[in-house]
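User: Could you walk me through this one? I'd like to start with a helix and then get to the aromatics.
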Amino acid sequence: MSTTTTRYAEAAIEAVPDLPVIRITRDFDAAPEQLMRAHTDPELFARWIGPDAVTTRIDHWDCRTLGSYRYVCEHDGVDHGFRGTFPEVGEDRIVQTFTYEGMPEAIALETVRFEDLGDGRTRLHAQSLCDSIEGRDAMLSSGMDTGVHEGYAKLDGLLARGAV
């Protein structure tokens, strides 16, 4: 359990100076198991990931250690594919690779961890290790913040409705 008093009702998205790393911190009114389910169940994942303007369909989803995935986000009739592998899926942590198919040479290593804050709240810690500082900055300037904020707002809604 955390002893910090900082609350992250909105996602804090931070670039680590001099490293190709992005960190995201966000609190949810949910148990760690609910957040794990929202990240590992393909039907739930497709309902909340990304900006409001996209529709997500899962092409392949094997969320277990050494599994893999591919999903497609459609926006204005254009498909954007994302794929990767799951080197490790634990009880409260997911390690995955992430590749936007439009830039297949830029593969990020992502870790998502769920910290139980008590009182039915959980803090999500996500870290993306990009292939370069330039890759990190390109990811940050791609509009990812809109996808993160709108996606987590959709996840809040699913949690509030008891859908997770």
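User: Which residues of helix H1 are buried?

Analyst: In this predicted model, helix H1 spans residues 32-40, and its buried residues are Pro-32, Leu-35, Met-36, Ala-38 and His-39. They cover an arc of only 160° around the axis, which puts them on the same side of H1.

User: OK, aromatics now. How many aromatic pairs are there in the whole structure?

Analyst: Searching the whole structure gives twelve aromatic pairs. One of them joins Trp-61 and Tyr-69, whose ring centres are 5.8 Å apart with the planes at 55°, so this pair counts as tilted.

User: Why tilted rather than edge-to-face?

Analyst: Edge-to-face needs planes over 60 degrees apart and stacked needs them under 30, so the 55° between Trp-61 and Tyr-69 falls in the remaining class, tilted.

User: And are those two buried or exposed?

Analyst: Trp-61 and Tyr-69 are both buried.

User: What about Trp-61 with Phe-86?

Analyst: The centres of the Trp-61 and Phe-86 rings lie 5.7 Å apart and their planes meet at 70°, so that pair is edge-to-face. Trp-61 belongs to strand E3 (residues 55-61) and Phe-86 to strand E5 (residues 78-86), so the pair ties together parts that are 25 residues apart in sequence. Both Trp-61 and Phe-86 are buried.

User: Which residues form the aromatic cluster?

Analyst: One aromatic cluster is formed by Phe-28, Phe-45, Trp-48, Trp-61, Tyr-69, Tyr-71, Phe-82, Phe-86, Phe-98, Tyr-100 and Tyr-152. Of these cluster members, Phe-28 also has Arg-26 lying over its face, at 4.5 Å from the ring centre.

User: Switching to the overall fold, what pattern does the chain follow along the sequence?

Analyst: The protein chain has four helices and nine strands, and read along the sequence they come in the pattern β-β-α-α-β-β-β-β-β-β-β-α-α. Its radius of gyration is 15 Å, close to the 15 Å that the globule rule gives for 164 residues, so the chain is as compact as a globular protein of that length. The C-alpha atoms fill a box of roughly 40 × 35 × 30 Å along the principal axes.

User: Last one: what share of the contacts comes from residues 24 or more positions apart?

Analyst: Among contacts in the protein chain with a separation of 6 or more, residues 24 or more positions apart account for 47%.

Key: Residues are numbered from 1 along each chain as its sequence is written. This is a predicted model: local features need pLDDT of at least 70, side-chain atom pairs count only at pLDDT 80 or more; totals for chains, interfaces and linings use all residues. Side-chain values use heavy atoms; hydrogens and water are left out. Rings of Phe, Tyr and Trp (its six-membered ring) pair if their centres lie within 6.5 Å; planes under 30 degrees apart count as stacked, over 60 as edge-to-face and the rest as tilted. Buried means under 20% relative accessible area, exposed over 50%, partly exposed in between (1.4 Å probe, protein chains only). Helices (H or I, at least four residues) and strands (E, at least two) are DSSP runs, numbered from the N terminus. A charge sits over a ring if NZ of Lys or CZ of Arg is within 6 Å of the ring centre and within 35 degrees of the ring normal. The arc is that of the directions from the helix axis to the C-beta atoms. The radius of gyration is taken over C-alpha atoms; the globule rule is 2.2 Å times the number of residues to the power 0.38. Contact means heavy atoms within 4.5 Å.
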